[in-house]
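User: Hello! I am new to this structure and would like to learn how to read its features one at a time. Could you guide me?

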Amino acid sequence: EELDSILKKDFYPRNITIPDVPSKINVLTGMRRTGKTTILFKHISNLLKNGVARSRVLFVNFEDDRLYTGTPSGNIISDIVEFWYSADPARHNELCYLFFDEIQNVRGWEKTVRRLHDTKKVRLYLTGSSAKLLSKEIATELRGRSISTEVWPFDFEEYPGFEKFPVKMGKATKDKYLHSFYNYMKTGGFPETIAVDNTVAVQILQEYVETVLFRDVMERWELANLPLLKELFKRLLSMPGRLLSVNKLFNELKGIGYNLGKNTLYEYISHIEDAYLIFTVPLYSKSVKKSTVNPKKVYAIDTGLLNSVNLFTNEDKGQLFENIVFLALRRRGYRVFYYLTEERYEVDFLAENAQGRKLLIQACLNTNDPETLKRESRSLELAEKTLKISGNLVTPENYLEFIRTLDQ
């Protein structure tokens with residue numbers, strides 16, 4: 001009944017499509033509250049509209065505390081599915097659609113899911129809020145059986161109120177476009193925060209952080225020091241687009257009284273990244289050793305989340321714009337690095353897609369200052385000359401044109 005009620009709602013359109021590959025298990029990953037469950041509901045709604053009987057669809061949310069106490073094992077999946085088939089034995093001879101939401105909460109889920117895929121006449125759809133956990137299990141137990149889709153907060157072109165702005169704009173249209181873009185940079189793209197007052201949005205985002213740090217980091221990885229985890233996360237979010245010096249971070253945390261080792265620090269950072277809260281970007285180099293030993297840059301899942309934790313001055317807002325450009329690349333499946341020229345000038349991004357297309361990107365919020373424009377262009381031109389890769393100076397004014405070229 002709950003599912004039937006939900007399916008009557010209107011779903012906001014997303015630029016995300018679940019691949020239709022009958023032989024594969026569909027896996028949706030992404031941070032909590034990015035819309036994974038809604039995408040499942042929309043897919044179920046489409047199935048029903050296309051003639052699939054409601055009796056052939058099973059949806060289970062493994063965040064629901066009514067299902068179990070403690071940490072469930074894969075047996076709970078078997079019990080639910082077998083009970084569901086017993087309630088209507090005709091399902092054994094029909095193609096059925098099984099949707100398991102937040103599957104990472106079930107210990108040993110992968111073996112049960114693999115058995116269902118191999119032995120029953122089903123299409124399986126899973127969601128999870130853990131990048132490395134799911135990818136590890138998929139690589140071992142579901143190898144060759146699954147296809148993954150990452151779900152992100154709204155892209156700018158999905159942002160409510162966005163109009164299909166043309167690439168070439170007159171003054172009035174351009175002003176409207178830039179107003180929309182800067183508002184997006186402030187609020188970010190989490191669905192729940194877009195239509196509410198800014199004060200409420202900040203509170204919602206801060207609660208997201210609390211939930212993810214506690215549920216998806218501390219509880220999942222059985223960590224012992226929640227205050228350290230919160231302090232570390234706050235410091236990581238204060239540096240979007242900046243180099244992460246673990247040594248400096250280690251000394252700062254030791255200096256304010258935290259007793260930890262460097263291995264613990266690396267472990268905590270890895271788990272925060274696993275929960276999709278942050279992303280680390282390595283240096284691009286043909287030498288694996290050089291890429292590994294050099295510091296990484298840090299970006300966040302959402303600029304609204306950054307604004308909920310930090311107070312950005314006008315001088316700092318270039319970091320928010322750089323974060324938006326990074327997310328645009330990741331959403332579109334690019335592997336992302338940063339690059340240093342031989343003269344030690346930095347290019348924000350060197351990105352490569354699955355087809356081997358490489359791009360150099362410099363994100364620049366404001367090109368009105370001649371010195372800033374000269375500095376940003378110099379780095380890009382030197383990198384282009386060395387690497388023989390096309391360079392892009394991306395600004396808010398040409399951002400829309402840039403992301404549309406990425407989609408081509």
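Analyst: Gladly! Let us begin with a term: two strands count as paired if DSSP finds at least two bridges between them. Keep in mind that we are looking at a predicted model.

User: In what order do the strands of the three-stranded open sheet lie?

Analyst: The general idea is that strands of a sheet pair through backbone hydrogen bonds, either parallel or antiparallel. Here the three strands form an open sheet in the order S6-S8-S7, and their pairing is antiparallel. S6 and S7 are at the edges with a single partner strand each, so one side of each has no neighbour in the sheet. Helix H13, residues 317–331, packs on this sheet and touches S7 and S8, and its direction makes about 90° with that of S8.

User: How many bridges join S6 to S8?

Analyst: Two bridges join strand S6 (residues 243–244) to S8, and the strands run antiparallel. Leu243 has Lys297 as its bridge partner in S8, while Leu244 stands opposite Lys296. On the S7 side, strand S7 (residues 278–281) pairs with S8 over four bridges, also in the antiparallel sense. There, Val281 has Lys297 of S8 as its bridge partner.

User: Is strand S8 largely enclosed or open to the outside?

Analyst: For this we need a cut-off: a residue is buried when its relative accessible area is under 20%. In S8, which covers residues 296–300, four of the five residues are buried, so the strand is largely enclosed by the rest of the structure.

User: What is the strand order in the five-stranded open sheet?

Analyst: That order is S2-S3-S4-S1-S5, with parallel pairing. Strand S2 (57–61) and strand S5 (146–150) are the edge strands, each with a single partner strand, so one side of each is left without a neighbour in the sheet. From one strand to the next, the twist averages 15°. As an example of the pairing, four bridges join strand S1 (residues 25–29) to strand S4 (residues 122–128), and the two run parallel.

User: At what angle do helices H3 and H4 pack?

Analyst: Two packed helices are described by the angle between their axes and the distance between the axes. Helix H3 (residues 75–87) and helix H4 (residues 109–119) pack at an angle of about 35°, and their axes are 8 Å apart. Ile77, Ser78 and Val81 of H3 make the contact with Trp109, Thr112, Arg115 and Leu116 of H4. By class, this contact has four nonpolar, two polar and one charged residues.

User: Which residues line the largest cavity?

Analyst: To look for empty space, picture rolling a probe the size of a water molecule over the atoms; it shows where such space is left. The count comes to one cavity of 30 Å³ or more, and about 40 Å³ of space lies in the largest cavity. Its lining is made up of Tyr184, Gly188, Gly189, Asp302, Thr303, Ile324, Leu327 and Arg331. H13 supplies the largest share of that lining, three residues. The lining residues divide into three nonpolar, three polar and two charged.

User: Which residues is Asn307 in contact with, leaving aside its neighbours within four places in sequence?

Analyst: Asn307 touches Met185, Lys186, Phe312 and Leu320 when those neighbours are left aside. Asn307 lies in helix H12 (residues 303–309), and it is partly exposed, with a relative accessible area of 23%.

User: Where is Glu222 found?

Analyst: Look in the loop between helix H7 (198–221) and helix H8 (226–236). Glu222 has a positive phi near 55° and is not a glycine. It is exposed, with a relative accessible area of 71%. Arg344 is another residue with a positive phi, about 70°, although it is not a glycine. You can find Arg344 in the loop between strand S9 (335–340) and strand S10 (346–352). At 55% relative accessibility, Arg344 counts as exposed.

Terms used: Residues are numbered from 1 along each chain as its sequence is written. This is a predicted model: local features need pLDDT of at least 70, side-chain atom pairs count only at pLDDT 80 or more; totals for chains, interfaces and linings use all residues. Side-chain values use heavy atoms; hydrogens and water are left out. Buried means under 20% relative accessible area, exposed over 50%, partly exposed in between (1.4 Å probe, protein chains only). Contact means heavy atoms within 4.5 Å. Axes are lines fitted to C-alpha atoms, for helices over the stretch in contact, and angles run from 0 to 180 degrees between N-to-C directions. On a 1 Å grid over the protein atoms alone, a cavity is a set of points where a 1.4 Å probe fits but cannot get out, and a pocket is an open set with protein on both sides within 12 Å along at least five of seven lines; lining residues have an atom within 4 Å of a point. Grid points are joined across faces, edges and corners, and a volume is the space filled by probe spheres set on the points. Ala, Val, Leu, Ile, Met, Phe, Trp, Tyr, Cys and Pro count as nonpolar, Asp, Glu, Lys and Arg as charged, and the others, Gly among them, as polar.
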